[in-house]
Amino acid sequence: MVSLLALAGCAEQNGVCQVSTLGDLPVLNKFGSPIVGVTINGHDAAMIVDSGADISMISEEASKNFGLVDTGHVLNISGVTGEMFSPVMQADKMGLGSGTSGEVYLTQAKRSFGGTIAGRPVVGLFGADFLHSYDVMFDLPGGKIALYQLSACKTPTPTWDGPSSKLDWYHLGTNGLRIGTTIRLNGKKIDAMLDSGAWHTSVLPSQVRKAGVSKNDLVQDITFTSTGVTGKSKVGSHLHRFASLQIGDELYPNPLLGISPIETDGYALLGADFLRHNRVWVSYRHEQLYIQRVRLPEQDHTFDLRIKPKNAQGAGGEPAVPLSAPFPRISLKDAAPPGSVPAASTPAGAPVTVSPAPTP
């Protein structure tokens, strides 16, 4: 085990704000869902950080190559393009940042999560089962993600300078691990999920109609295809430029957003295109969500979407992990206890649900 770094700072009137951290995790890619470096059983690899996935995953190929062991447990994972039975695998050791954890559990997926980045194969994703143990600071404009555990900090975002905007928070998913919030599309309130695994922000057809956009308004739009957790594709999505999108106190004029008939139980996906241009602080412990705009509104290109290359891989989605499945964790205290790691998601941001498979 590696002793993890503990920092002290942020002096408060009634004590000292203690901040424990794994250090900054460099984000290896400049576009799309954030990818960070890891080691699995001593092998260098990379994984997508996916706040929209309940559980964490590894590809079948990487599971075999890295020597993961089948635990005998199986999950039934369902997405917009179908469902599949997925075994739960165990890695002896995983490293992330300055921390190392033993007995890490990952759900195995037949799909591929991408090629290589910075010489590392992209083998899976970290989901909310891993992230929920921390305060997570997405600073993708700065090229990093940080995981914190805070104590006696009166400031909700103790490492940020300057103003921020607080968003509302409600729980989504079978175990309430995913983050819901309210945003305004063309001035109309709609529900959304913070989904770093979704390559772009997408809204539902019903939300589009609520925002005053008709089918005729979509005729000239670009169409695209969503890919699910099974690797199959689903057509019927559009890219449309709306009049406005308001997130917290921040107004984004003329955003280019996806319109997708995805199964999300009625909420939009606030995706990686948003995170790439704004700082986002997620406190699972205190159920608080803050954003900080990096650029002035007239210089902001948050939703000026870059079209994904045809063969590029992305990630997104939502799986739900049964209460009996092990949660991943790398401790920020002196001893990193056994934990589990991430589980599933879908490339284009369509949610996924997970349920125990029937016993043979």
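Helices (H or I, at least four residues) and strands (E, at least two) are DSSP runs, numbered from the N terminus. The close-ups below come from a predicted model, in which local features need pLDDT of at least 70, side-chain atom pairs count only at pLDDT 80 or more, and totals for chains, interfaces and linings use all residues. Residues are numbered from 1 along each chain as its sequence is written, and side-chain values use heavy atoms, with hydrogens and water left out.

**View A. Trp160 in the loop between strand 12 and strand 13.** Let us start with a tryptophan. Trp160 has a relative accessible area of 11% and is therefore buried (buried means under 20% relative accessible area, exposed over 50%, partly exposed in between, with a 1.4 Å probe and protein chains only). Leaving aside residues up to four places away in sequence, Trp160 touches Met137, Arg279, Val280, Trp281, Tyr290, Ile291 and Gln292 (contact means heavy atoms within 4.5 Å). Met137 is 23 residues from Trp160 in sequence, and their C-alpha atoms are 9.7 Å apart.

**View B. The disulfide of Cys17 and Cys153.** A search of the whole structure finds one disulfide, defined as a pair of cysteine sulfur atoms within 2.5 Å. Here the S to S distance is 1.7 Å. The link of Cys17 and Cys153 is right-handed, with 80 degrees about the S-S bond. Because Cys17 lies in strand 2 (residues 15-26) and Cys153 in the loop between strand 12 (144-151) and strand 13 (165-167), the pair ties together parts that are 136 residues apart in sequence. Both Cys17 and Cys153 are buried.

**View C. Tyr252 and its aromatic partners, Phe274 and Phe303.** Rings of Phe, Tyr and Trp (its six-membered ring) pair if their centres lie within 6.5 Å; planes under 30 degrees apart count as stacked, over 60 as edge-to-face and the rest as tilted. By this rule the structure has eight aromatic pairs. The ring centres of Tyr252 and Phe274 are 6.1 Å apart and their planes stand at 85 degrees, so this pair is edge-to-face. Tyr252 belongs to strand 21 (residues 250-253) and Phe274 to helix 4 (residues 272-275), 22 residues apart. Tyr252 also forms an edge-to-face pair with Phe303, at 5.6 Å centre to centre and 85 degrees between the planes. Phe303 sits in the loop between strand 25 (288-293) and strand 26 (353-356) and Tyr252 in strand 21, so the pair ties together parts 51 residues apart in sequence. Tyr252 is buried, with a relative accessible area of 3%, and Phe303 counts as buried at 4%. Arg293 lies over the face of Tyr252, 4.1 Å from the ring centre (a charge sits over a ring if NZ of Lys or CZ of Arg is within 6 Å of the ring centre and within 35 degrees of the ring normal).

**View D. The largest nonpolar core, with 60 residues.** A nonpolar core is a set of buried Ala, Val, Leu, Ile, Met, Phe, Trp, Tyr and Cys residues joined through side-chain atoms within 4.5 Å. Ile40, Ile247 and Val282 have the most contacts inside this core. Strand 7 (residues 82-96) gives the most to the core, with four residues. Not counting residues up to four places away in sequence, Ile247 touches Leu167, Ile183, Tyr252, Leu270, Phe274, Ile291 and Phe303. A second, separate core of 11 residues includes Ala46, Ile48, Ala109 and Val122.

**View E. An aromatic cluster of Phe126, Phe130 and Tyr134.** These three residues form one cluster. For another ring, look to Phe113: Arg111 lies over its face, at 4.0 Å from the ring centre.
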